[in-house]
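The exercises that follow are meant to be worked through with the sequence and the 3D structure in view. Please try each task before reading its solution.

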Amino acid sequence: MTALDLDALIDDPTTRIVVTCGAGGVGKTTTAAALGLRAAERGRKVVVLTIDPARRLAQSLGLTELDNTPRAVKDVDGTNGGSLDAMMLDMKRTFDEVVLAHATPEKAEQILANPFYVALSSSFAGTQEYMAMEKLGQLHKQAERTGEWDLIVVDTPPSRSALDFLDAPERLASLLEGRFLRLLLAPARGPLRLMSAGVNLAMSVMNKVLGAQVLTDVQTFAAAFDTLFGGFRERAEKTVALLREPHTAFLVVAAPQNDALREASYFAERLREERMPLAGVVLNRVTTTHAPDLSAERSLAAAEKLTEGDKSPLTAAVLLLHADRMQQVVGEAKRADRFRRGHRSVPTVDVPALPDDVHDLTGLRTIGELLTA
């Protein structure tokens, strides 16, 4: 079991992409922002792609409004020659950019105005994950072309399961190239046009299930989108290949709770199976105490004696609070130790829980110091 040296990771010029991933609510966004800031102030030219950051964190990065374009973060110490840009993913705008870039103006206009496309690009399951990968691909190309960034830090979307991040792009590509949309085009072209009776029967059933207008919208979308089908899978495959490159590093972020550690374990195994470079695991929001030698049992016994003698009720209350905290410390330590024993080859780092939420660059610097302590 080895310690994770994040300073060495972000200082290494061959590290070009860092991806923070894990279950929802474990601090991925804060970790990504803190690493990006620390890397910038140590001399890297960084762009951070965040997904739905907390309002205070967005304000600390100067992202007061949803913006799909990287913007310079103010008050970053550029003494070492580094810089920090940040952006929040707008998944619909990213989808629109893909359509505009790969379709003729006439086709793009038809697609962007189509109600089925509007629903697909705004709320369809897997769209956010796919568009995060689209945006990563765009940023990587821009960085290689212009040299304005030498490190991209990606905060992955909050998902029900950490594995959705790797699966969703493939699922969306499969949907857009799948048999269902191909069937909708069949009456107009292809060998199935000869099977009009069977196709018409299928269309009749779908018309009853979906409704006439919805089916018309889907058919119109499929017809306009036809020329773009192949590109989605091709770009998804290129992004997956990019994520397997040695210059990419995955950081799994977890909290010392059973569900989060279970997700971290699944993700670590999945990354290994997919041959993707796992740099290590960040155990975030770890409970600490200033009196580790005073056990919960001793605290409870002392509090009980004080209570029985009706002496120092305030001291007794403090001892009870400490006992509760020590039980948390011990429980988290056992869970973390069990995780480490199951993943002995994976470097880890513990980040203590802070009393307040991070809402400015000073707080992000504190997190960066804790990540690399």
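## Exercises on the sheet and its helices

Strand 6 (residues 248-254) and strand 7 pair in the parallel sense over 5 bridges, where strands and helices are DSSP runs numbered from the N terminus, with at least two residues (E) for a strand and at least four (H or I) for a helix, and two strands pair if DSSP finds at least two bridges between them. The model is a predicted one, in which local features need pLDDT of at least 70 and side-chain atom pairs count only at pLDDT 80 or more, while totals for chains, interfaces and linings use all residues. Residues are numbered from 1 along each chain as its sequence is written, and side-chain values use heavy atoms, with hydrogens and water left out.

**Exercise 1.** Find which residue of strand 7 is the bridge partner of V252, and which strand is joined to strand 7 by 4 bridges.

*Solution.* Begin with V252, whose bridge partner in strand 7 is V281. Then turn to strand 8, which runs parallel to strand 7 and is joined to it by 4 bridges; here L283 has D350 of strand 8 as its bridge partner.

**Exercise 2.** Determine which residues of helix 16 are buried, and what they pack against.

*Solution.* Taking buried to mean under 20% relative accessible area (1.4 Å probe, protein chains only), the buried residues of helix 16 (residues 361-371) are L361, G363, L364, I367, G368 and L371. Seen down the helix axis, they fall within an arc of 155°, taken from the directions from the axis to the C-beta atoms, so they line one face of helix 16. With contact meaning heavy atoms within 4.5 Å, these residues pack against several elements, including helix 1 (6-11), strand 7 (278-286) and strand 8 (348-352). In strand 7 itself, 7 of the 9 residues are buried, so this strand is largely enclosed by the rest of the structure.

Note on methods
Buried means under 20% relative accessible area, exposed over 50%, partly exposed in between (1.4 Å probe, protein chains only).
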